[in-house]
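This briefing is for a reader who has not seen the structure before. Please look over the sequence and the model first.

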Amino acid sequence: MTEEVVDNEIKESENENENIVVSYKDVKKAFGDTVVLNDLSLNVAQGEKVALIGPSGSGKTTIIRMLMTLEQPTEGTIEVDGEMLWHKEVNGELLPADEKHMRKVRGKIGMVFQQYNLFPHMTIMRNCTTAPVNVLGISKDEAKTRAQEMLDKVGLGDKVDNYPSQLSGGQQQRVAIARSLVMQPKVMLFDEVTAALDPELVGEVLEVLKDIAAEGDTTMMLITHEMEFARDVADRVLFLDNGKIAEHGPPSEVIENPQTERLQAFLGRFN
Ligand code: ADP
């Protein structure tokens, strides 16, 4: 008993110093005069699973697109694995980052979208090995070994010689997940990965994501409208409303015991 308590204390103190993989500091994003995100500060720790929920237009995708370098913050900074996106610090001064720096930081990020965007003319194996060989510069053999491992993980290890059109939408999305994992990114972003799927294919993709999450070491940020999934997978849930994090905490608080009327109303739609 005593040992257990000590163990927990150690774990807690470790958590305070845990590795921060993603850090948004005082980020604001405006399109013209329209401010879509305000004062966003957020740290995501190594291995943490963060679910972003909220009504359409609340800013969830913008948060993720800024991390993907598809949008630049109007104010504030974003760091991935200790390196700033968009900026480089030189002698205490923030200078615009060059393309080489951006590519390096972008390489730490994996993303899976609604549309799986596999290359139709390549086999499943080649879909998974092209980027690691061309971008990471690893050997074809090494890439194949990694790809086979990840395809096994998503339950498609026997489809390596098939083409995307021979797979169902759910299977293609699982390949897209495997393809991202082969790159061994520091953080994986999932933007409504089941939204474009037929309802009967949603479950298999969510199961794969749950398995990956359960392994523990992959840092994940997920935008989802699947509340049960968010509750099962996330360590932390952020409720975005009007460009702000309106509520945040473990799923047992945010999803099961929402405090604000806005969140109660939002969650009510899923019951
Ligand atoms: P969510 O993902 O929560 O649905 P988004 O991040 O996509 O929300 O959008 C937040 C707000 O930003 C919305 O009002 C949207 O219309 C606006 N927005 C997003 N991208 C652009 C853009 N490129 N130009 C103008 N407005 C945009």
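The model is predicted: local features are given only where pLDDT is at least 70, side-chain atom pairs count only at pLDDT 80 or more, and totals for chains, interfaces and linings use all residues. Residues are numbered from 1 along each chain as its sequence is written. Helices (H or I, at least four residues) and strands (E, at least two) are DSSP runs, numbered from the N terminus.

**Ligand shell**

- The residues around the ligand are Phe-31, Val-36, Gly-54, Ser-56, Gly-57, Ser-58, Gly-59, Lys-60, Thr-61, Thr-62 and Leu-240; a residue is near a molecule if its C-beta atom, placed from the backbone, lies within 6 Å of it.
- Helix H2 (residues 60–67) supplies the largest share of this shell, with 3 residues.
- Sorted by class, the shell has 3 nonpolar, 7 polar and 1 charged residues. Here Ala, Val, Leu, Ile, Met, Phe, Trp, Tyr, Cys and Pro count as nonpolar, Asp, Glu, Lys and Arg as charged, and the others, Gly among them, as polar.

**Helix H2**

- H2 is largely enclosed by the rest of the structure, because 7 of its 8 residues are buried. A residue is buried if 20 or more other C-beta atoms lie within 10 Å of its own, exposed if 12 or fewer, and partly exposed in between, with C-beta atoms placed from the backbone.
- The buried residues of H2 are Lys-60, Thr-61, Thr-62, Ile-63, Ile-64, Met-66 and Leu-67.

- An open sheet of 4 strands runs in the order E2-E1-E4-E5, with antiparallel pairing; two strands pair if DSSP finds at least two bridges between them.
- Strands E2 (34–45) and E5 (83–84) are at the edges and have a single partner strand each, so one side of each is left without a neighbour in the sheet.
- Strand E4 (residues 75–80) is joined to E5 by 2 bridges in the antiparallel sense, and Glu-79 has Met-84 in E5 as its bridge partner.
- H2 packs on this sheet, touching strand E1 (20–31), E2 and E4, and its direction makes about 65° with that of E2. Contact requires C-beta atoms, placed from the backbone, within 7 Å; axes are lines fitted to C-alpha atoms, for helices over the stretch in contact, and angles run from 0 to 180 degrees between N-to-C directions.

- Strand E3 (residues 49–53) is mostly covered, with 5 of its 5 residues buried.
- Lys-49, Ala-51 and Ile-53 point one way from E3, while Val-50 and Leu-52 point the other way.
- E3 runs parallel to strand E10 (residues 219–223), with 4 bridges between them; Leu-222 in E10 is the bridge partner of Ala-51.
- E3 also runs parallel to strand E11 (residues 236–241), again through 4 bridges, and Arg-236 in E11 stands opposite Val-50.
- E11 is joined to strand E12 (residues 244–249) by 5 bridges in an antiparallel arrangement, with His-248 in E12 opposite Leu-238.
- E11 and E12 form a hairpin with 2 residues between them, and Asn-242 in the turn has a positive phi of about 50°.

- The largest nonpolar core has 67 residues, of which Leu-52 and Ala-178 touch the most other members. Such a core is a set of buried Ala, Val, Leu, Ile, Met, Phe, Trp, Tyr and Cys residues joined through C-beta atoms within 7 Å.
- Helix H6 (residues 169–182) gives the most to this core, with 6 residues.
- Apart from neighbours within four places in sequence, Ala-178 is in contact with Cys-128, Met-150, Leu-151, Lys-153, Val-154 and Leu-156.
- Gln-172 lies in H6 and counts as buried, with 24 C-beta neighbours inside 10 Å.
- Apart from neighbours within four places in sequence, Gln-172 is in contact with Tyr-116, Leu-118, Pro-164 and Leu-167.

**Loop residues with positive phi**

- Most residues other than glycine have a negative phi.
- Thr-69, in the loop between H2 and E4, has a positive phi near 65°; Thr-69 is partly exposed, with 17 other C-beta atoms within 10 Å.
- Gln-184, in the loop between H6 and strand E9 (187–191), has a positive phi near 50°; Gln-184 is partly exposed, with 15 C-beta neighbours inside 10 Å.

Conventions
Contact = placed C-beta atoms within 7 Å.
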